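Me: Could you walk me through this protein model in plain words? I'd like to ask a few things as we go.

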Amino acid sequence: MTPRDQPPELSAPVEDYLKAIYELEQSGAAAGTNELAARLHIAPASVSGMVRRLADQELIAHERYKGARLTDAGRRAALRTIRRHRVIETYLTQALGYPWDLVHDEAERLEHACSDELVDRMAAAIGEPEHDPHGAPIPTREGTVDERRFSSIADLQVGDEALVRRVSDENGERLRYLAELGIVPGVQLTLIDRAPFEGPITVAIGAAHQVIGTSLATEVLVERLSMPIRSPGTPLAPGRRKDARSRRTP
Ligand SMILES: [Zn+2]
């Protein structure tokens, strides 16, 4: 790809739509009218007009029953806005000492006002960070980004060890609470108990035990470090036989 060719000027609402569609695609959900409306906190009726305009500008393509999909141009534009957002959050935290629960709202506003040049200089000033304070990957200038998907604490089984990778950045109160519990990106934890029927989940972080509800647990994305001994549903016999065979090999 050529170095950043002159990107088109997009309005703040267009950038917000593209970002929302990108995030829905990443979560595996369809970007339909209702999903977009919920994500953008607006009425579904006002979504359709904008979606038509984005399709006219070839930023999205519309697939029946599947909702909007970003075109290559739409994806580049979405990643540019996301880069601005995440660099701003990181800069505010690292260079200006903002706490991690206060940077999202600032970034929501500034991401539309900053030039790409300013954002590049902010990133350079703090050593080209790869993740924002909430653990989200920062797209490069060239528009590449780590799109690995992680499971959440709620997906872990008892005994699983996991590394906290990312937390949702949108709710400051939840972020403050998670920080109080010590559940922040980079921390290693072990799931030691989960009550049935989506009851509370207990994790150990070092010597401390923390209890969180399932809804909060789904917002904390983790990389599993240990696999369960035997995943449920795996028949035991073939594994045993394979073991026996491998033990026989010299
Ligand atoms: Zn944010």
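Predicted model: local features only at pLDDT ≥ 70, side-chain atom pairs only at ≥ 80, totals over all residues.

Me: How many helices and strands does the protein chain have?
Reply: Helices here are DSSP runs of H or I with at least four residues, strands are runs of E with at least two, and both are numbered from the N terminus. Going by that, the protein chain has nine helices and eight strands.

Me: What share of the residues is buried?
Reply: Buried means under 20% relative accessible area, exposed means over 50%, and partly exposed is in between, using a 1.4 Å probe and protein chains only. The protein chain has 250 residues, and the buried share is 38%.

Me: How do α4 and α6 lie: parallel, perpendicular or oblique?
Reply: Two packed helices are described by the angle between their axes and the distance between the axes. The axes of α4 (residues 72–94) and α6 (residues 116–125) come within 9 Å and cross at roughly 40°. Angles under 35 degrees count as roughly parallel, over 145 as roughly antiparallel, 65 to 115 as roughly perpendicular and the rest as oblique. So α4 is oblique to α6.

Me: What kinds of residues make the contact of α4 with α6?
Reply: Contact means heavy atoms within 4.5 Å. On the α4 side we find R80, R83, R84, V87, I88 and Y91, and on the α6 side D116, V119, D120, M122, A123 and A125. Ala, Val, Leu, Ile, Met, Phe, Trp, Tyr, Cys and Pro count as nonpolar, Asp, Glu, Lys and Arg as charged, and the others, Gly among them, as polar. The tally is seven nonpolar, no polar and five charged.

Me: Is T90 buried or exposed?
Reply: T90 sits in helix α4. Not counting residues up to four places away in sequence, T90 touches several residues, including I126, H131 and I138. Its relative accessibility is 2%, so T90 counts as buried.

Me: How far apart are the C-alpha atoms of I183 and I205?
Reply: I183 is in the loop between α7 (172–181) and β5 (188–194), and at 0% relative accessibility I183 counts as buried. Leaving aside neighbours within four places in sequence, the contacts of I183 include W100, L178 and I205. I183 and I205 are 22 residues apart along the chain, and their C-alpha atoms are separated by 8.2 Å.

Methods
Residues numbered from 1 in each chain as written. Heavy atoms only, no water. Axes fitted to C-alpha atoms, helices over the stretch in contact; angles between N-to-C directions.
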